[in-house]
Amino acid sequence: MECVAICDVDQNILDKRIAEVGTATGKKPQRFTDFRKLLELKDLDAVIIGTPDHWHCLIAVAACQAGKDVYVEKPMANSIGECDLMAQAASKYSRIMQVGQQQRAGQAFIESRDLVKSGYLGKIRKVNIWSNFNYGLGNEFKPATAIPSGVDYDFWLGPAPKREFNPNRFHGSWRHFWDYGGGLMSDWGVHLLDMAIWVEDNPSAPGHVMTYASNVNKENRDRDTFDTMNVLFPKKRLPDQL
């Protein structure tokens with residue numbers, strides 16, 4: 001496998017990653033700032049989409065239309081509707097689409113799954129999953145600033161609403177705002193909930209989901225998403241669980 005091209009709207013990140021690939025492989029990939037131009041490459045077989053979540057659907061569908069297979073980082077997209085569009089595009093254009101879940105390659109997670117599936121722990125009736133990363137609180141408020149040199153901010157916003165540039169809504173912390181992501185639930189929640197689903201023989205979506213969410217931290221932080229959330233995914237009970 002060869003990295004033939006890299007695309008980013010931030011020239012600073014683009015320079016850094018191209019140099020890293022060049023050092024590691026001895027070949028510098030082509031540079032692009034517009035993914036649509038990258039998708040025109042004839043020798044490109046597949047793309048990895050590692051953008052903020054609000055761009056996943058549009059780029060993935062365009063890649064399928066261009067005849068490329070897709071690896072898209074989790075979460076798949078920002079809504080169920082977008083996920084459906086991506087799945088439909090992969091089917092329509094006969095492309096392979098995989099969603100990033102690196103936990104499935106982790107030895108500790110593999111061993112845990114095998115332990116459950118072996119029956120050693122008996123019948124599993126309830127699974128508790130939690131994460132408590134401090135970055136979920138959001139950053140302290142910062143004023144709007146000038147757009148950093150080398151950044152195509154309008155393209156970064158893309159399908160999201162227009163607004164002034166603020167570092168709190170950019171690299172590293174955009175997940176705290178509904179325009180771009182879904183907070184800690186669509187970040188680590190995606191990873192860890194998948195571990196519970198992974199052990200099921202025939203995974204199925206719950207008929208309904210119950211959620212309680214609130215901002216309980218007393219500090220006034222810059223974010224849209226909640227700092228505390230409890231979600232219950234009730235699954236259909238099997239006859240031997242009654």
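Of the contacts in this protein with a separation of 6 or more, 61% are between residues 24 or more positions apart. And before I go on: this is a predicted model, so please keep that in mind throughout.

How many helices and strands are there? The protein has seven helices and nine strands. Of the 242 residues, 34% are buried.Okay, let's go inside. The largest nonpolar core has 36 residues, and Val 47, Val 70 and Trp 156 touch the most other members. Which elements build this core? Helices and strands that each supply at least two residues are α2, β3, α3, β4, α4 and α6. The largest share comes from α3, with seven residues.

If you leave aside its neighbours within four places in sequence, Val 47 is in contact with Leu 38, Leu 39, Ala 63, Asp 69, Val 70 and Tyr 71.

Now, α3 itself. Is this helix mostly buried or exposed? Eight of its 10 residues are buried, so α3 is largely enclosed by the rest of the structure. If you want to find them on the screen, the buried ones are His 56, Cys 57, Ile 59, Ala 60, Val 61, Ala 62, Ala 63 and Cys 64. And what do they pack against? Their partners are α2, β3, β4, α4 and β5. Just after the helix you'll come to Gly 67, which has a positive phi of about 85 degrees.

A disulfide is a covalent bond between the sulfur atoms of two cysteines. How many disulfides does this structure hold? Take Cys 7: it is in no disulfide, and the nearest cysteine sulfur, that of Cys 3, is 12 Å away. Cys 7 is partly exposed, because its relative accessibility is 27%. Then there's Cys 57, whose sulfur has its closest cysteine sulfur in Cys 83, at 8.0 Å, and that is too far for a bond. Cys 57 counts as buried because its relative accessibility is 9%.

Next up, some empty space. Rolling a probe the size of a water molecule over the atoms shows where empty space is left. The second largest pocket holds about 1,500 Å³ of space. It is lined by 44 residues, and the closest to its centre are Ile 6, Cys 7, Ile 48, Ile 49 and Gly 50. So that's Cys 7 again. Which element gives the most to this lining? That's β3, with four residues. Other elements that supply at least two residues include β1, α1 and α6. By class, the lining has 25 nonpolar, eight polar and 11 charged residues.

Let's move to Phe 32, which lies in strand β2. Phe 32 counts as buried, because its relative accessibility is 14%. Which residues does Phe 32 touch, leaving aside its neighbours within four places in sequence? The contacts are Ala 5, Ile 6, Cys 7, Asp 8, Leu 14, Lys 37, Leu 38 and Leu 41. Now try finding Lys 218 on the screen: from Phe 32 it is 186 residues away in sequence, and 43 Å away in space, C-alpha to C-alpha.

On to the backbone. Most residues other than glycine have a negative phi, and most peptide bonds are trans. Which two residues here are joined by a cis peptide bond? Look at Lys 74 and Pro 75, where omega is about -10 degrees. Pro 75 sits in the loop between β4 and α4.

Then there's Ser 94, which is not a glycine and still has a positive phi, of about 55 degrees. You'll find Ser 94 in the loop between α4 and β5. Is Ser 94 buried or exposed? Ser 94 counts as exposed because its relative accessibility is 59%.

One more serine and I'm done. Ser 149 lies in the loop between β6 and α6. With a relative accessible area of 64%, Ser 149 is exposed.

Definitions and conventions: Residues numbered from 1 in each chain as written. Predicted model: local features only at pLDDT ≥ 70, side-chain atom pairs only at ≥ 80, totals over all residues. Heavy atoms only, no water. Disulfide = S-S within 2.5 Å. Buried < 20%, exposed > 50% of the residue type's maximum accessible area, 1.4 Å probe, protein only. 1 Å grid on protein atoms, 1.4 Å probe; cavity = no way out; pocket = protein on both sides within 12 Å on 5 of 7 lines; lining within 4 Å. Points joined across faces, edges and corners; volume = space filled by probe spheres on them. Nonpolar A, V, L, I, M, F, W, Y, C, P; charged D, E, K, R; others polar. Core = buried A, V, L, I, M, F, W, Y, C linked by side-chain atoms within 4.5 Å. Contact = heavy atoms within 4.5 Å.
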